[in-house]
Each structure stands twice: as C-alpha cells, then as structure tokens.
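Please read them with the coordinates open.

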Amino acid sequence: MGFDELFSDLRPGATAQVAGIGRGYSGPPARSVTVTSGLTRLRCASLLKPLYAWAAAAHVADAGRWRRHAEPAVVVSSNADTLALWLSVGPRVLLDDLRRRTGVRWAPPNGDPSRFGSVEVTAAEVATAYAVFAQAALAGDPVADEVMGWMRRVGPDQAFGVREALAAPDAAVKCGWYGGADEACLRTHAVAVLPRGGRVGVLVGLTAQPYTDERDREVYQARVAEGLPVEDDHEKAGGALLRGLLRTALAELGFHRG
C-alpha cells in the first residue's frame, strides 16, 4: 500500500504526517521522505520524552535523580516523571539545548509553560532530531545510548505493533496517544529507530483521527477521567494507519536490514 492509498482513506478533518530519514557513514547517501495531509503541526508529547531525557541529563547534577525520572518517562511514558524533568530543568533550557544539539527549534507552549505536552511539532522535525540523537548514541554518547536502550524496552502494550509492522523486533520505539477534552480528534503517534551497523533509520508517524460520533467522545473522556486505559480506542482509530505510514516510509527510504 502506498501513500496515495493511505491518505485517500482519511476522513474529513483528519491529519496524518510521516517522515523518514536514513543516514550514516556507510552505505548509500542520506535519504529522507516527508508526506503530510491536514494540519501542519500537531502535539505528540510522548515522542519527545526520550529527547527531553537526553537533554536533561546535562542539567541535573544528581545522575541517580535524573535516571529515576528519565527511565520511566521513556519506558512506561510516565507523565509525572517527564513533568519533574521539565520543571526542574526548565522548558526553555530543555528546548534550547535540543535546538543546539539537533538544529530543530521548538517553542514552549503558550499560556501555561508547565504543560510539556503542548509543544507543537511536525513529523519532519521529530525525525531530524531523532536522527541526530541516534547518531550520537552510535558515536558513543553514553546518555544517548542509555536512553536508546530504554526505548528498546518499551513493551508491546505501548508499541501499537510497530516493531512487527517494520519486521524489526530490535527497533527502539516510542509511541503516544491522547485526545484532549478540547480536541475533536484522537492523536496516535510513533517513532521508530533502526540502527544498522554505521547507519541509522528513523521513522515518525503522527495521526489525528476525528471521533466517529459524540457518544464515543463522551465515553473516551469518561475513561480518561477515571484513569482507565484507552489504547484500544487509539488502535481502532489510528493503529492501522500509523503502521501503514511507517511501513511505507521505510520502503521509500530503501533502508534494508543487514
């Protein structure tokens, strides 16, 4: 299935973005792919958590304290631990550090700066930042390598079948899902990093699918308020699309195993 078919099936009001980067010192020249339909920028808080963890390490003097918050932020997507890093280091410090390291400029959210999840991004920006992060890990950056290792430990219950879709059981992944009370869509997103020798492949998919009806929206918000899991809602709304976007981007990159 190609991008045209995937995007032609989008419902009115939906957004889908995908970006992929393949680069490294061996093999073919660097390649990239970016395709977008709908909104230009989306929120994808969970995908930024490993990047925040990487940047925060240089600003938290106590390595043990950094690890206590950074590891669960990445492995189980803990919002409380992410917020602890975000506030203790400071949003501008974290985002400025990532800009210096990756060249990607993200702005703190308007209004309440404590809302780390409100930073808006594009799939291409996330892919660019992850490519630098992944290459740093390959080059021997101990913090990047440790954070990448945590991404490999993200369990199947939080991975939306991404590893299976890419035939990459060893991929480092981070996925996220949310539908805010002020939003008309369910957002489901994923990043996968596939290191192969001296090369790095990065795939990023962002989706925002409209609710099928208002009753579904009410039930979803009630479950969120009660702290109940809602991954099945996101799998139903965007799981197949997300996997299709990543799989197609991987094929476009020509990033082969081995």
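**Notes on the fold**

1. H2 lies across E5, E6 and E7 and runs at about 140° to E5. Helices (H or I, at least four residues) and strands (E, at least two) are DSSP runs, numbered from the N terminus. Axes are lines fitted to C-alpha atoms, for helices over the stretch in contact, and angles run from 0 to 180 degrees between N-to-C directions. Contact means heavy atoms within 4.5 Å.

2. On provenance: this is a predicted model, where local features need pLDDT of at least 70, side-chain atom pairs count only at pLDDT 80 or more, and totals for chains, interfaces and linings use all residues. Residues are numbered from 1 along each chain as its sequence is written, and side-chain values use heavy atoms, with hydrogens and water left out.

3. The sheet is open and has five strands, in the order E2-E1-E7-E6-E5, with antiparallel pairing. Strand E2 (31-37) and strand E5 (172-178) are the edges, each pairing on one side only. From one strand to the next, the twist averages 5°. Two strands pair if DSSP finds at least two bridges between them.

4. Helix H10 (residues 231-253) lies across E1, E2, E5, E6 and E7, and runs at about 145° to E7.

5. Now the strand pairs. E1 and E2 run antiparallel and are joined by seven bridges; the partner of Ile21 in E2 is Ser32. Ten bridges link strand E1 (residues 15-24) to E7, again antiparallel. There, Ala19 is bridged to Val204 of E7. Strand E6 (residues 185-196) pairs with E7 over twelve bridges, in the antiparallel sense. Leu194 has Gly201 as its bridge partner in E7.

6. The hairpin of E6 and E7 has two residues between the strands. Gly197 takes a positive phi near 60° in this hairpin.

7. Is strand E7 buried or exposed? Twelve of the twelve residues of E7 (residues 199-210) are buried, so the strand is largely enclosed by the rest of the structure. Buried means under 20% relative accessible area, exposed over 50%, and partly exposed in between (1.4 Å probe, protein chains only). In a regular strand the side chains alternate between the two faces of the sheet. In E7 both faces are covered. One side has Arg199, Gly201, Leu203, Gly205, Thr207 and Gln209, all buried. The other has Val200, Val202, Val204, Leu206, Ala208 and Pro210, also all buried.

8. Next, H2 against H4. Helix H2 (residues 45-56) and helix H4 (residues 79-89) pack at an angle of about 40°, with axes 10 Å apart. That makes H2 oblique to H4. Angles under 35 degrees count as roughly parallel, over 145 as roughly antiparallel, 65 to 115 as roughly perpendicular and the rest as oblique. The crossing of H2 and H4 is left-handed, a term used if the near helix is turned anticlockwise from the far one by less than a right angle (right-handed if clockwise). H2 contributes Lys49, Tyr52, Ala53 and Ala56 to the contact, and H4 contributes Asn79, Thr82, Leu85, Trp86 and Val89. By class, the contact of H2 with H4 has six nonpolar, two polar and one charged residues. Ala, Val, Leu, Ile, Met, Phe, Trp, Tyr, Cys and Pro count as nonpolar, Asp, Glu, Lys and Arg as charged, and the others, Gly among them, as polar.

9. Thr82 is buried, with a relative accessible area of 3%. Leaving aside neighbours within four places in sequence, Thr82 is in contact with Lys49, Tyr52, Ala73 and Phe116.

10. H2 also packs on helix H6 (residues 123-138), at an angle of about 45° and with the axes 11 Å apart. H2 and H6 are therefore oblique to each other. Their crossing is left-handed. The contact is made by Leu47, Leu48, Pro50, Leu51 and Trp54 of H2 and by Val126, Ala129, Tyr130, Val132, Phe133 and Ala136 of H6. The residues of this contact divide into eleven nonpolar, no polar and no charged.

11. Ser77 lies in the loop between helix H3 (63-75) and H4, and counts as buried at 12% relative accessibility. Phe160, likewise a residue other than glycine, has a positive phi near 50°. Phe160 sits in the loop between helix H7 (142-152) and helix H8 (162-165), and counts as buried at 8%.
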